[in-house]
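Good morning. Please have the sequence and the structure open while I talk. I will go through the domains, the core and the ligand, in that order.

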Amino acid sequence: MAGHTAVPLVDLVGQYAYLKPEIEKVVCRVLESCQAIMGPEVAALENEVAAYCHTKFAVGCSSGSDAILLAVLALNAQPDDEIIMPPFTFFATAGSVVRAGLKPVFVDIDPVSFNIDPYKIEEKITPRTRAIMPVHLFGQCAEMNPIRELAKKHHLVIIEDAAQSIGAEYHGVRTGQLGDMSCLSFYPSKNLGTYGDAGMTVTDNPTYAAKMKALRVHGSEIKYYHKYLGWNARLDALHAAILRVKLQYLDRWTQGRQEAAARYDRLIQAKNLDRYLTRPRALPERRHVWNQYVIRVEETKRDPLVAHLKENQIGCEIYYPLCLHEQECLKFLGNRKGDYPIAEQATREVLALPMFPEITEQQQDRVTDVLAQFFQK
Ligand SMILES: *Cc1c(COP(=O)(O)O)cnc(C)c1O
């Protein structure tokens, strides 16, 4: 449409423009040091992220997926031990568990928060259950109090998949402190993202931290002596240096996301769109960090709406179109379509709208105008 500017789903280009001088400075610092792998930048980032997450230890690694794999392997579990998780999440939540030789056991989600339904967990606990892995989806914490009670009662470990939720809080407690281990992703579109792949697991437990530190360097505590079957899961110094710059902006950016979410709420209400779509809800006693602003629409309307948004150059994305239990490579787990109806319904109705800290009121006005055009034509 002539005269109307496009609104991207995420605007990393705009953010880079104002970070450029700082980023270039630290990139040059790393290049000049020729310390490209691990080293002081990684150690400094680990200290800073541990402080941010209120934990004692942080273990940097090559991606969020590897952060989960490291955490699961740190459990010293037996093959086929079980980890309870929601089926409505990014693939890596389950993929890393299967790679570690364990079995994901799914529990349906809560329809409002999209997070694991804590009241359906206990019936899935067996003598083989080792851990519960809540995912704080789209930046909002799962209902952790009942999950923590269950973990205590059944002697289970909690591994948080906090890939989308750095800085999120539940009853004043931050992700990182809500579980025994918490896995972060620094993928570019996450709230704290680099220009490549990186991840980190934070914990208060020195035994887990030591094992993860060994695993990420081929399982060795002493060079060339391999205690565990690890692999190369190291974090590059360049990414660490970039992330140290960006970490200083994280709270400001989170505030930008929160303001953007509140503006969407206001615009959608003002344009009378509440009868056509369901807005995401920030639940009480949470600090929602809004990695995504995900609406629901009637399933027959979603495809045409996606087409209409694309036509008008409004970025949007379906997170996620297929549940994990329905993924081809996870069919061997023996779940069937229909086993997790609330998660399955979510895959047919969700749609993420443009969300990034710098999004302007004008851009959001445009997004909601295009929504209104679709529904009110
Ligand atoms: C991004 C993401 C991951 C994986 O992180 P990568 O850094 O891309 O490997 C895991 N879980 C969830 C919920 C994610 O959103």
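Before the domains, one definition: the bounds of a domain come from an automatic or database domain assignment. Also keep in mind that this is a predicted model.

The assignment gives domain 1, which covers 13–107 + 115–247, and domain 2, which covers 250–375. How far apart are the centres of domain 1 and domain 2? Taken over C-alpha atoms, 25 Å separate them.

Now the interface. On the domain 1 side, 40 residues are in contact with 34 residues of domain 2. Between them the two domains bury about 3100 Å², and 60% of that is on carbon and sulfur atoms. Which residues of domain 1 lose the most area to domain 2? They are Phe-88, Phe-138 and Asn-191, together 23% of what that side buries.

Phe-88 comes up again in the core. The largest nonpolar core has 76 residues, and those touching the most other members are Val-72, Ile-83, Phe-88, Phe-114, Ile-159 and Tyr-293. Domain 1 and domain 2 each supply at least three residues to this core. Leaving aside residues up to four places away in sequence, the residues that Phe-88 touches include Phe-114, Leu-137, Phe-138, Tyr-319, Tyr-320 and Val-350. There is also a second, separate core of 21 residues, with Ala-58, Ala-198, Val-202 and Leu-247 among them.

Last, the ligand. It has 15 residues around it, and Gly-64, Ser-65, Asp-161, Ser-185 and Lys-190 come nearest. For three of these, here are the distances to polar side-chain atoms. The side chain of Ser-65 has an N or O atom 2.5 Å from an oxygen atom of the ligand. For Asp-161, a polar side-chain atom is 2.8 Å from a ligand nitrogen atom. In Lys-190, an N or O atom of the side chain is 3.0 Å from an oxygen atom of the ligand. How much of the ligand's accessible area does the protein cover? On its own the ligand has 380 Å², and the protein covers 93% of that.

Conventions
Residues numbered from 1 in each chain as written. Predicted model: local features only at pLDDT ≥ 70, side-chain atom pairs only at ≥ 80, totals over all residues. Heavy atoms only, no water. Core = buried A, V, L, I, M, F, W, Y, C linked by side-chain atoms within 4.5 Å. Buried < 20%, exposed > 50% of the residue type's maximum accessible area, 1.4 Å probe, protein only. Contact = heavy atoms within 4.5 Å. Near = heavy atom within 4 Å. Polar contact = N/O pair within 3.5 Å; in protein donor to acceptor, adjacent residues only side chain to side chain. Areas by Shrake-Rupley, 256 points an atom, 1.4 Å probe, with all protein chains shown as cover. Buried area = accessible area lost by both parts, 1.4 Å probe.
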